[in-house]
Amino acid sequence: MINLCINGLLVKVPKGTTILDAAKKLNFKIPVLCHHDDLCVAGNCRVCVVEQLGGKALLAACATPVAEGMQILTNSLKVRTARKHVIELLLSEHNADCTKCYKNGNCELQDLSNEFSVGDHIFLDLIHHKEYTIDKFSSSIQKDDSKCIRCQRCVRTCEQLQGVNALCVAFKGSEQKISTFMNHSMAEVICTNCGQCVNRCPTGALVERNYLDDVWDAITNPELHVVVQTAPAVRVGLGEDLGIPPGERVTGKMVAALKRLGFDSVLDTDFTADLTIMEEGTELLTRLKQALVHKDKNVALPMTTSCSPGWVKFVEHTFPEFLPNVSTCKSPQQMFGALAKTYYAEKRGLDPAKVVSVSIMPCTAKKYEADRPEMRSSGYKDVDFVLTTRELARMIRQAGVDFKRLKEDKFDRLMGSSSGAGVIFGVTGGVMEAALRTAYEIVTGREVPFENLNITPVRGFEGIKQASVVIEGCKEEWKFLEGVELKCAVAHGLSNAREVMQAVKDGTIDVHFIEIMACPGGCLGGGGQPIPTNQKIREKRAAAIYEEDMDLSIRKSHENPEIIQIYKEFLGEPLGHKSHELLHTHYRERPRY
Amino acid sequence: MKNIPIKRVDLIFEEVTCREMVQKVFKTDPDEILQQILDSGLKGRGGAGFPTGMKWKFAADEPSNEKYIICNADEGEPGTFKDRQILSDVPEKVFCGMAIASRVIGATMGYIYLRGEYKFLLPLLDEKLIIFHELMKEMNQDFHIKIRLGSGAYICGEESALFESIEGKRGEPRNKPPYPTTSGLFGKPTCINNVETLVHTVMILKYGPEHFRELGTKDSRGSKVFSVSGDTPKAGIFELELGMSVSDFVDEFGDGDTKSVQVGGASGFCVPRKKFEETIIGFEGVPTGGSMKLFNSSRSMYNVLHNYLDFFTEESCGQCTPCRVGCQQLLKGIEAVKKGEKNSRYLDELVKLASTMKIASKCGLGQSVGNAFSSIVENFREEIIY
């Protein structure tokens, strides 16, 4: 333990603790900008500088470990002057047209400027004579360099957390900027659209492409029937942007709010999550059968999930040799979209051309996914507009809906009911757990042998999890699986995805099925979720998701009555003709930069 | 403060048989070598002046079986050109210095980080390295030197940015601590010395630490190679005993009309005529990596300062706020004052900003921009305004 003194108060902290964390322990808040709990230390914004008695230079509190006997001042004249200078300098090169900014009101620089600078503008304006164009080419992410403060959170996110390296630092000195390969647009580079950079950007330099006006236009057009689907992770995050503490489920309030916004039908992506399990589970069993019974050496195993569009684009760029391994199932969002304009329209007697399908996602990559040319199997654009959790919160605020006091409501029928298995799609390991609950029961006729159906080995936040289940007592048609140890792996965050795929490539991991989610923690930590998102908040959201699962009476996808109904009335059987047409897709190799 | 009259020395460029020196080094106990370097009082010749013996000791004390010795030959400070001369004239002595350091700290691998613009030295260095490596082999010594070329960024002369560059990354300074001797190149204990420092260690071992200590002052032992340029009839490279006053220096090198001397390059200090007498060139006065630029009365100090700020605005790595934006503000600021867009009191704001840059920047680059700025503005305020 190290003893030190901060602002005259003694504190004892473990070796290696930063001055920032030691001060936190004494309830002294030191402002930060480049620091983020999820990321490695940068120490480059210099907002967090503190004074060490007897020291010449100030120290970056986020980057400096404590030392025995240190005497630190966090609010001395020297510190205040330097901090104010740093903030003024940042503002002098920042496009501070706050009222025109999408992040107005949720900007860390704005907050600091409010606290420290009080509109003095000591220095010259360095920004307004420069010309900047906003990169709006990507379906998901919008990049505006004029708002960038070069804290490099995005670069560290892209490089270390996600291992994608789409964003990098280019040039030096006054020309220094956050760029991409050859300064191409975000749409033309290796970017997976995961939006983790957007979630960490302290200003409005990186934001999601927003489609609020398009959705309002559709809602207010009486000729159009607007259906909305909501992803599982939205209901455990949305509250945070509407004044409710993290970890609180707001499913009923969210449904009530969506109805008040004027959507014609409020439905659930969890329904198609259940459908995904039926399709993907069957696909896995089919592949296993080909491998084990027909001894087909060309069958692509291990099979990986395909629900995460960030992961799908990542594998297209980075491991194209594994494209056959990726499940051909569309993501729940796209399955929903394809069915909304076919099955749903048919049942409701609607002209599919007049149906607008909107999805609320914790994700920015879903915007890109919806724009993929393959995603038009209904004959129309399957999903018209994708909004993030944050955009929905904004719509709710715009509409003046008092979210906290809303009475809970229920999803509409027809593609609105789900099982607990569908709900846990929102957390890392959830798809695996849901798939095992169904696949095991299909094969053996018995429930998966875990207490309360909770398959705990695939739960938790470890980067790569592995688990296995021995299949015993198979039904006649699945006899070839008797005694087989079904081995699976779960990875979340693209750095872990890269690691697990590299292990597959090197032959150092032996599994049949891999669940991969592009974002840390799975969808609940998605790029479209409320800001801030960090490990503590992810854990709270995960706990909420598992509570939601436990609360539902049906917890296995194949028992969802609407699933049984849709196969009976429309799809026929999993992997059947209609399924192939509407629910499955294909992938393509993309360049490696 | 008593100053030492100007005195030429010839140690750095003295011919030394590398073979003999290396043989002597590998026969001597590492602790004994270290003691001699410590006793000599040698301080780093790159400009920062950290005691070389201490640096070696820290690196030697680290328990690691993988350590590195790096020769910093990224001589980028404006007005410095002595390392280039040392490397072209006595490269063997540089290798020998690295071998000495490797012996003391226990490194088996050394790197020379050569300034990109010095690429022309590469064939010569490669040729001499072959001979050196043969000598190592002959003596059964496991020490190897590799050369890495910079790509023209001034910041890569900063030690931790230099490591990043060798590692193949963008040259951006790291946070300290950890210091290089604990975690440097590839995260291993690393000792990084300037070209001239390494050559000095060879001469200290040759003539003994007492010989070195006899030269210079208490705070600035030994001699130093100076790169003299500007308004002088005697531009060039001169090895001089440390501890002379600026006025002695100007008497020797000035053109009779010297208005100021910029000691230590763009990141150094401007000494005006009225302070020539009282200012000692050395660590007790104005430290220098070797750059000595003389300006006579025909020069505008505004132009001099503008030139330096222009340089820093371009050469800051851009990573930390005080340096990236501060340099631009200082540059645009003096322009605005000159044009009358800002009144002269704005200079005081800029001086305060320069002080912030000095204490709040991440690395030595940003921390030293204020040196030139403050010393020029303080002494030549009228020239900046009018």
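Which helix of chain B is largely enclosed by the rest of the structure? In this predicted model, the answer is helix α7 (residues 159-166) of chain B: eight of its eight residues are buried, so the helix is largely enclosed by the rest of the structure. The buried set runs through B:E159, B:S160, B:A161, B:L162, B:F163, B:E164, B:S165 and B:I166. After α7(B) comes B:G168, with a positive phi near 90°.

Stepping back to the whole of chain B, the domain assignment gives domain 1 (18-213) and domain 2 (301-385). Taken over C-alpha atoms, the centres of these two domains of chain B are separated by 33 Å. The domains do meet: nine residues of domain 1 of chain B are in contact with eight residues of domain 2 of chain B. On the domain 1 side of this meeting, the residues comprise six nonpolar, one polar and two charged.

Chain A is assigned four domains: domain 1 (2-117), domain 2 (141-208), domain 3 (212-271 + 333-405) and domain 4 (279-329 + 427-532 + 546-583). Between the centres of domain 1 and domain 3 of chain A, again over C-alpha atoms, lie 40 Å. The secondary structure of chain A consists of 18 helices and 17 strands. Its radius of gyration is 25 Å, close to the 25 Å that the globule rule gives for 593 residues, so chain A is as compact as a globular protein of that length. The C-alpha trace of chain A spans about 80 × 55 × 50 Å along its principal axes. Of the 593 residues in chain A, 54% count as buried. Among contacts in chain A with a separation of 6 or more, 75% come from residues 24 or more positions apart.

A:K479 sits in the loop between β15 (464-470) and β16 (485-492) of chain A. This lysine has 11 C-beta neighbours inside 10 Å and therefore counts as exposed. A:K479 and A:V293 are 186 residues apart along the chain, yet 9.9 Å separates their C-alpha atoms.

Turning to the interface, 30 residues of chain A are in contact with 30 residues of chain B. The most to the chain A side is given by helix α2 (residues 77-92) of chain A, with seven residues. By class, the chain A side holds 17 nonpolar, eight polar and five charged residues.

A closer look at α2(A) shows how the two chains meet there. Two packed helices are described by the angle between their axes and the distance between the axes. For α2(A) and helix α13 (residues 346-360) of chain B, the packing angle is about 100° and the axes are 10 Å apart. That angle makes α2(A) roughly perpendicular to α13(B). From α2(A), the contact involves A:T81, A:A82, A:H85 and A:V86, while α13(B) supplies B:L353, B:T356, B:I359 and B:A360.

Notes: Residues are numbered from 1 along each chain as its sequence is written. Chains are lettered from A and ligands numbered from 1 in the order in which they are written. This is a predicted model: local features need pLDDT of at least 70, side-chain atom pairs count only at pLDDT 80 or more; totals for chains, interfaces and linings use all residues. Two residues are in contact if their C-beta atoms, placed from the backbone, lie within 7 Å. Helices (H or I, at least four residues) and strands (E, at least two) are DSSP runs, numbered from the N terminus. Ala, Val, Leu, Ile, Met, Phe, Trp, Tyr, Cys and Pro count as nonpolar, Asp, Glu, Lys and Arg as charged, and the others, Gly among them, as polar. Domain bounds come from an automatic or database domain assignment. The radius of gyration is taken over C-alpha atoms; the globule rule is 2.2 Å times the number of residues to the power 0.38. A residue is buried if 20 or more other C-beta atoms lie within 10 Å of its own, exposed if 12 or fewer, and partly exposed in between; C-beta atoms are placed from the backbone. Axes are lines fitted to C-alpha atoms, for helices over the stretch in contact, and angles run from 0 to 180 degrees between N-to-C directions. Angles under 35 degrees count as roughly parallel, over 145 as roughly antiparallel, 65 to 115 as roughly perpendicular and the rest as oblique.
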